[in-house]
Amino acid sequence: MADPTIMVLVGSLRAASTNRQLAAVAAETAPAGVSLRLFDRLGELPFYNEDDDGDAVAEPVRALRSAAAEADAALVVTPEYNGSIPGVLKNAIDWLSRPFGDGALKGKPLAVIGTSMGRYGGVWGTDETRKSFGVAGPRVIEDVTLSIPGTVFEGRHPRENADVVQQVRDAVGTLVAEIG
Ligand SMILES: Cc1cc2nc3c(=O)[nH]c(=O)nc-3n(C[C@H](O)[C@H](O)[C@H](O)COP(=O)(O)O)c2cc1C
């Protein structure tokens, strides 16, 4: 496929998010011709409400679904919150899961990576994100299981850690190889 596009979702809203920085590393190290587009409006989505999900759905939801429809794949970069998926990301999954059986990411490859401050790097958060997206419609790439303990960064940007850069590059490479 020529010049594939990957939609990127970050599960943390904070400006100095390490996961946002990790998403930047993914964009910087992506193979030539692959463009990563961050959909940076998860905080604007209303809480999912089936009553509001129809032709008159809120504009941020339309924007999310359009970005997903235009993408060939998706990369999710998320911390773990209280042993699970940050609410803002779960809400986006719910919007992307509808229309039922025909969501905008249906059948498209999706990979999940992330970093959290806990010693296991937020593995429950990334595992549960894979589980939930697996129900919601995309084709989750189970081989990508990168959950990095935030302590390895020692307060520096992830791009300054060569091992992390290589791991992120490999994760994106695996995802790109799954694009049909
Ligand atoms: C509400 C909340 C819940 C958290 N729960 C966990 C957790 O269950 N496991 C963990 O490793 N870190 C947890 N953390 C710490 C995060 O890993 C840490 O704040 C991380 O830097 C968040 O990612 P960010 O830098 O992308 O915002 C939590 C943080 C917050 C704010």
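How do the residues of the shell around the ligand divide into nonpolar, polar and charged? They comprise 3 nonpolar, 8 polar and 2 charged residues, where Ala, Val, Leu, Ile, Met, Phe, Trp, Tyr, Cys and Pro count as nonpolar, Asp, Glu, Lys and Arg as charged, and the others, Gly among them, as polar. This is a predicted model, in which local features need pLDDT of at least 70 and side-chain atom pairs count only at pLDDT 80 or more, while totals for chains, interfaces and linings use all residues. Residues are numbered from 1 along each chain as its sequence is written, and side-chain values use heavy atoms, with hydrogens and water left out.

**Ligand surroundings**

- The ligand is surrounded by 13 residues, of which S12, R14, S17, N19 and E80 are the closest (a residue is near if one of its heavy atoms lies within 4 Å).
- Oxygen atoms of the ligand lie 2.7 Å from a polar side-chain atom of S12 and 2.7 Å from a side-chain N or O atom of R14 (a polar contact is a pair of N or O atoms within 3.5 Å).
- A polar backbone atom of T18 is 2.9 Å from an oxygen atom of the ligand.
- Of the 610 Å² of accessible area that the ligand has on its own, the protein covers 70% (Shrake-Rupley method, 1.4 Å probe).

**Packing of α2 and α3**

- Helix α2 (residues 59-70) packs against helix α3 (residues 87-96) at an angle of about 75 degrees, with the axes 10 Å apart (axes are lines fitted to C-alpha atoms over the stretch in contact, and angles run from 0 to 180 degrees between N-to-C directions); helices are DSSP runs of H or I with at least four residues, numbered from the N terminus.
- The two helices α2 and α3 are therefore roughly perpendicular to each other (65 to 115 degrees).
- V61, L64, R65 and A68 of α2 make the contact with A92, W95 and L96 of α3 (heavy atoms within 4.5 Å), and by class this contact has 6 nonpolar, no polar and 1 charged residues.

How values were computed
Angles under 35 degrees count as roughly parallel, over 145 as roughly antiparallel, 65 to 115 as roughly perpendicular and the rest as oblique. A polar contact is a pair of N or O atoms within 3.5 Å; within protein, one must be able to donate a hydrogen and the other to accept it, and residues adjacent in sequence count only if both atoms are side-chain atoms.
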